[in-house]
Amino acid sequence: MDARFLSPAAEHGLARTTPCDLELVIPAYNEERRLAPTVLALAEHLSGLPLTTALRVIDNGSSDRTAECVDRLAASGVPISVTGCSRRGKGAAVARGMVASRARWVGFCDADLATPAAAIDDALRLLGDGWEVVIGSRRCAGARIPVRQPPLRRLGGAGFRLLTRKLSGPVKDTQCGFKFFETRAAHRLFADITTTGFTFDLEVIARARAHGLSLTEFPVVWSDQQGSSFRPFADGRRVVGELWRLHRALPRITSHPAEAAA
Ligand SMILES: Nc1nc2c(ncn2[C@@H]2O[C@H](COP(=O)(O)OP(=O)(O)O)[C@@H](O)[C@H]2O)c(=O)[nH]1
Ligand SMILES: [Mg+2]
């Protein structure tokens with residue numbers, strides 16, 4: 001692996017100023033069935049990297065045995081923690097993990113591991129190059145989608161992209177659940193995020209652009225997985241509400257980025 005992946009501490013064997021180099025956050029709501037294989041695959045990949053890593057599952061008020069299932073995996077070679085998040089919604093769960101992280105870099109992926117763990121290497125390469133916001137994308141050159149979403153989701157996605165073109169700017173895929181950050185940048189973006197549901201990525205991207213953070217998209221392989229927690233009608237309606245609120249809040253969210261950073 002490229003030496004740029006290593007933190008200065010790892011390269012020189014000095015005491016680390018951060019608990020680890022990369023922390024991966026997994027938002028989880030009632031994921032007792034999908035989470036275990038994901039955690040195991042991630043832990044196997046992370047433990048082969050020449051840097052220190054950790055996994056943090058955010059248990060988003062699950063009523064099943066999500067937290068217990070993580071406890072059983074605790075000996076998988078990479079430190080794994082479970083953090084509770086009583087505020088519902090994927091955005092709230094991801095924000096909880098991002099703000100809690102003290103790693104050098106922090107990223108998140110969905111509990112179904114729709115993008116294989118190997119893509120972490122591509123993200124690390126870009127973080128090592130100095131990018132502050134690194135966005136996994138199903139829509140840039142080189143991306144592959146071996147298993148596509150059902151037609152209704154694809155239609156919803158097309159409508160979403162049409163409605164959000166202005167907000168997303170140059171980012172072709174705002175919704176892929178595979179994003180990485182330099183952790184100080186993540187803290188700036190997530191500390192007072194207002195969107196708690198599935199639309200949070202858009203707010204993050206709008207904030208990143210307003211803050212002038214360096215941002216890049218990279219192609220991923222993404223396969224639709226069984227057991228999606230997204231309910232097209234209930235969550236679709238919520239997404240429309242969130243978009244409306246985001247649209248109205250945007251001038252405030254993006255107007256004083258320097259103060260927000262303080
Ligand atoms: N639906 C839903 N998912 C949540 C919530 N909090 C965290 N999540 C997680 O967000 C991720 C959403 O991914 P997934 O269900 O695969 O949705 P899809 O890939 O868009 O179909 C999963 O890891 C969920 O467990 C929540 O409140 N609702
Ligand atoms: Mg999924």
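Mentor: Start with the cover over helix α4. Its buried residues are covered by elements that include β1 (22-28), β2 (53-59), β4, β7 (178-182), α8 (183-190) and α9 (200-211). Keep in mind that this is a predicted model.

Trainee: How many residues of α4 are buried?
Mentor: 8 of the 11, over residues 90-100. That is why the helix counts as largely enclosed by the rest of the structure.

Trainee: Which ones are they in α4?
Mentor: Lys 90, Gly 91, Ala 92, Ala 93, Val 94, Ala 95, Gly 97 and Met 98.

Trainee: You listed α9 in the cover. Where does Asp 201 sit?
Mentor: In helix α9.

Trainee: Is Asp 201 buried or exposed?
Mentor: Buried, because its relative accessibility is 1%, and the cut-off for buried is under 20%.

Trainee: What does Asp 201 touch, leaving out residues up to four places away in sequence?
Mentor: Phe 108, Thr 174, Gln 175, Cys 176 and Lys 179.

Trainee: Cysteines, then. How many disulfides does the count come to?
Mentor: The count is 0. Take Cys 140: the nearest cysteine sulfur belongs to Cys 176, 9.5 Å away.

Trainee: Are Cys 140 and Cys 176 buried or exposed?
Mentor: Cys 140 is buried at 13% relative accessibility. Cys 176 is buried too, at 0%.

Trainee: Switching to loops. Where is Leu 113?
Mentor: In the loop between β4 (105-109) and α5 (119-128). Leu 113 is buried, with a relative accessible area of 15%.

Trainee: What does Leu 113 touch, again not counting residues up to four places away?
Mentor: Thr 38, Ala 41, Leu 42 and Gln 225.

Trainee: Now the outside. Which residues form a nonpolar patch on the surface?
Mentor: Leu 152, Leu 155 and Phe 233 form one. Together they have about 370 Å² of accessible area.

Trainee: Which helix holds Phe 233?
Mentor: α10, residues 232-255. Phe 233 counts as exposed, because its relative accessibility is 65% and the cut-off for exposed is over 50%.

Technical notes:
Residues numbered from 1 in each chain as written. Chains lettered and ligands numbered in written order. Predicted model: local features only at pLDDT ≥ 70, side-chain atom pairs only at ≥ 80, totals over all residues. Heavy atoms only, no water. Patch = residues over 30% accessible without salt bridge, like charges linked within 9 Å, V, L, I, M, F, W, Y side chains within 5 Å. Areas by Shrake-Rupley, 256 points an atom, 1.4 Å probe, with all protein chains shown as cover. Salt bridge = Lys/Arg side-chain N within 4 Å of Asp/Glu carboxyl O. Helix = DSSP H or I, 4+ residues; strand = E, 2+ residues; numbered from the N terminus. Buried < 20%, exposed > 50% of the residue type's maximum accessible area, 1.4 Å probe, protein only. Contact = heavy atoms within 4.5 Å. Disulfide = S-S within 2.5 Å.
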